[in-house]
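Please open the model in a viewer and follow the stops below in order. Each stop names what to select and then describes what is found there.

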Amino acid sequence: MTPTCWMRLLLLCMCCWPAATKPVWMQPKFPCDVTAKNISQVIFDCTGRKLTDVPQGITSNATELYLSNNNIGSIGRDSFSNLLNLTLLKLTFAYGKKSVNIEHGTFRNLTKLQTLILSFNRLTAIPAKLPSSLEVLDVYNNKITFLDRSSFNGLKNMTKLLLSKNCYYWNPCGKYMNITDGSLAVMTQLRLLDLAFNNLTKVPKGLPLSLYRLMLGANQIEYISEKDFRGMNQLKVLKMKGNCPRCQNAPYPCVPCKNGALAIHKHAFKDLTDLETLHLGGNSLTYMKTEWFVTLTKLKELFVAFNFLLATISGEATFLSHLPKLEKMDLSFNFDLTSYPSKLNLSKNFASLEALKTLHLEGLVFQEIGPDSLRPLYELKNLSTLNLGTNFVLHLDSAILSNLPHLRMIYLAENRLHPNSVKTLVYSSDGYNKRQDFTVSTLALPHPQEFEINHSLVKQECYNSGPVLSLASNNLFFISPQQFIGYINITCLNLSRNGFSAALNGTEFSSIPTLTYLDLSFNKVDLVNDNALSELKNLQVLDISHNSHYFQAFGITHNLHFTKKLPVLRVLNMSHNYISTLTTKHMYSKSLTELQFRRNNLGTLWKKRDNSYHEIFNKLTNLTILDISENNIKELPNRVYHFLPRNLTILRISNNFLKYFKWSKLIYLPKLQTLDLSHNSISDVIGIDTKAPNNLTNLDLSNNDIFHLDDGFLRGAKSLRTLSLSYNKLNLINQSTFLYRPEILLLDGNPFQCTCDMLDFILWIENSGVHIPRLNPDVTCEGPQKEKDHPLILFDINQCVNDSLAFLLYTVTFSFIIVFMVVVTVAHLFYWDASYVLHYLKAKMIGYQSLKSRCGIYEVFVIYDTKDPQVSEWVMKDLRVKLEEEGEIHLPLCLEQRDWIPGVPLMDNLIQSIRDSRKTMFVLTEGYVKTGIFRLAMYLAHQRLLDENIDVIVLLMLEPVLQHSYFLRLRKRLCRKSVVEWPKTAAAEPWFWQNLRNVIQVDNQVMYNKTYSMYFNSSWLPLTTKVPNPTERQEEEEIEKGSRGGSTEGNDRLCQEERGRQDSAGSGRDGEESTGFAKSDRVNTRRLGKKPQDNTADPTGYRNEPQETHNTQGQRKLCLPRGDLDQGTCGDPRKRSGGGAAREDAVEVGGAKIRTPKPVPFFHIAALLQPVSAIMSDKPDITEVTTFDKSKLKKTETAEKNQLPTKEIIEQEKAESS
């Protein structure tokens, strides 16, 4: 074998050899999610995996490791010994709410560690021997109450230390935190220090001068001295909030300061020249000293909420003149405990805050906003947000706000404003969806003890639309157009929670036509008029949720035609209205793209046998998002599927009572991408139709009662990316269920039965590559009992394997692979040698057998275009079956693809097949008649006509071919029945097959036209014809009876005897080697498994067949029958005596009387040989035809004259056919 062959064999072995085992972290059993953002950042997320130890299999190149929310009670020195590339380690809630034991030196070898998060672990001390590379240490909410110099020894690169909430009222320690002087000074590069909520009684001494942010809030510090912040000129953020809180209405355990308020030295902030944010809220301050702010010229944010500064706000506030760069100021909840003033006039010093952008005056508590209340703010051109909420204001002159043209948001919610006294009734809207104000500090803490207002005032979309006015939670129970005079260019209006119950008539908001966002939620809106809100031509978002009052009232009009008059409406929220009946049957809008219809009662509207509301959403032609969750829907009628908007991309039908979903109806939603069917009662999921939209990417079936999934139920969702099957009743899944794998598959919360029936699915999980979030540990077993609550992926599949059976299967499989490789290799390299050996052994063992025929081995030799697959298939599957297997008499066929001997030359196979068959049938197609093989076979068939005077040709035309051929025309005139055409209609096929069987079984001479039959009476007999004796005549009669359906056995015997006599006649010509046909007969008898017959010459007659001779140059020639040639002449048929005239005398040969035949008509031979003249080597001499003595022809008495077609007739027929 060549090196190339060996290389191919090696590659084949490599392909068949099992793949190498995957690394542990790549296996589905690995409990962590692995993300590699780039080569230098490899993240292992093991959060919430119920781990009891650091998992094995984390690679050494891991840079970030998250182990939060687990059950790791102890962390030893070797837990991270091989993770030397870690830069971030997070261990929050490592042991739940229990204390974690961390051994000394656990993190020492992590020389690249930069961030260590150990919050919520109840640690009592800073872990020892931390790596010097550490930059961020988070020990938030532990039990650390003591710090000294050794706590941070060697941590010179530390930049952030988060040490808050280690000792406070929700995490009590029973003592004060003690930080020795200078303990924090070793961290010379520290930028952020958080010591809030630690029961500190004083500011720690020796704070690093490099600090950028310092948080000391919610301690018990009662005094800030002059030296506490000395030299800290880099500090930008200082938070001292909540050290002396107001305890009158505090929602937490509150201990007031002994002195009543936080005492601050007048020069305490002297060195903080770069300070930008100062938070002094919740310290019970009653004044603001000017000396505090003399050096704070760079201050941008000042928070002094939850103090007692109402007098300062409305009186002398000279400290404001030292804050030229102040942008945000919070003075909220500085109300006086004993008074409810009628007005609030801001100090004139506010006019000096030229850079001010946001001012929070919430919770100051006063009755009226008069002309002078906000006068100092009129000249502040940068002021964009004014918060006056929760002040219990009774009256507001809206004209005052026109003096603040630069305001972007006016917040007046939670007041007591009344409507203007007019006749027209109006209603208001909602602020239930709030957003964090864009000017709020980035650290918006959720707890009230943070002493910082979370100013989530309006929704983000509302704020983005333009100027905002919020009047939520007031007393605007009706509205007139004059209500909004003075609110210039308002685009977002919040009127929620105002108790508004009037019927809108289209005039209420005419004074603010620029409105694009309107919130009317939590009211009692009545939409009886078709013109409701019609004045708002620019309205894009409308929220009328939680307005169920009139929708639930019985016997009144429930109209939804208002959407017709809103030409640019994009989003409509009608949730929580409990709509169960409507006057209108359709909603109309060409612009609406999103409709929120949650918590209504479509189940009642879509009840059985009532089609009234099936098309309610059909006219929303541009709708892409529809939410009809929580609508008590038990069944979606067929018409509803059909009339849903065709442009839907998101459809939510969760929290209903659906028991099934008709997946085939998804064809009506060709653009659907997200379908939410969660929290229903669906129990069985049949296959998603293959005609379903290929755009479906997200399917949520969680929280249903699904216990069965059809095999391949996702076959129609080829683009599906996320499939949620969480919290169903699945206990068994087959791998064939997911023919099209989603990228993300959620399976948690199902009662899986971890038995051997799950083996295929477990193997599919391991090999499919589908991402199953929290596969380990949330996808658990429900049974059997010993596997309960164990992760499904950790099920021991080895218990499902029989060792002996597995070994047997392994042996069989391995042997098959080896044998297959050997066979393929040998077949590729030694194909012909192996084929020869196999055929040779087959012949030796079983020999060859052929089908029986009455006269010859085969009934008919079928020659056809083997290169045409359609013709070959028709011959093998139709023709062969009809003739060999069906009918009363089975007709054996000789077929090239089945019966030819491999390795024998084409010429020999053709000669032998034609000779051994009674008929030769040509299956003609347009391409086949142009081939040389067809012409060669036609020539050889005609040769038998000349040799044996037997016409064996049958033409079967599958296609209309040779339409202009003289041969075909003459053939049809001589023997029309031997030309068979494939019928054009299927109904004629039975007649065709019966006709074909008749043509094959009957000799062609019988079917000749009577007009030309005289030429075959005697002229085609052999030159030496034996005069049969009575015995032979009886045998011929028996043969003739057999052709009419007589005994097959007798026919076979007589045909064999006749064949034997013919063989013996030819054997006397120079022995067996003198003729090729005698040799082929010998081969034939061997192929039949019989002994060769004795070839002794028959004294009563002799064979009349072609003989093979050689000329002096060694060329082969065929001797034609003697009746046509001079005796002893082989080769050229033109060497005739007497020009082809027949002899009139009789001779005796071996006692038999022989008479000479009439001459063969040469025009007939020429016509027959015309189609194959291109391959014939011997052609008839035309001169002999012209000089032929026609007087020597035998006169025959015929009833009609023999009229051959003239040239004119032939030309006429040719013209007619064309």
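A residue is called buried under 20% relative accessible area, exposed over 50%, and partly exposed in between (1.4 Å probe, protein chains only). This is a predicted model, in which local features need pLDDT of at least 70, side-chain atom pairs count only at pLDDT 80 or more, and totals for chains, interfaces and linings use all residues. Residues are numbered from 1 along each chain as its sequence is written, and side-chain values use heavy atoms, with hydrogens and water left out.

Select D372 and R375 to begin. Their side chains meet in a salt bridge of 2.6 Å, N to O; the term denotes a side-chain nitrogen of Lys or Arg within 4 Å of a carboxyl oxygen of Asp or Glu. D372 is partly exposed, with a relative accessible area of 43%, and R375 is partly exposed, also with 43%.

Next, select R915 and D916. The closest N and O atoms of this salt bridge are 3.7 Å apart, and both residues are buried.

Proceed to D951 and R971, whose side chains form a salt bridge of 2.9 Å, N to O. This pair links distant parts of the chain, 20 residues apart: D951 lies in the loop between α14 and β44, and R971 in helix α15 (residues 966-975). Helices (H or I, at least four residues) and strands (E, at least two) are DSSP runs, numbered from the N terminus. D951 and R971 are both buried.

Finally, select R598, R599, D627 and E630. Salt bridges with shared partners join these residues into one network. The structure as a whole holds 26 salt bridges.
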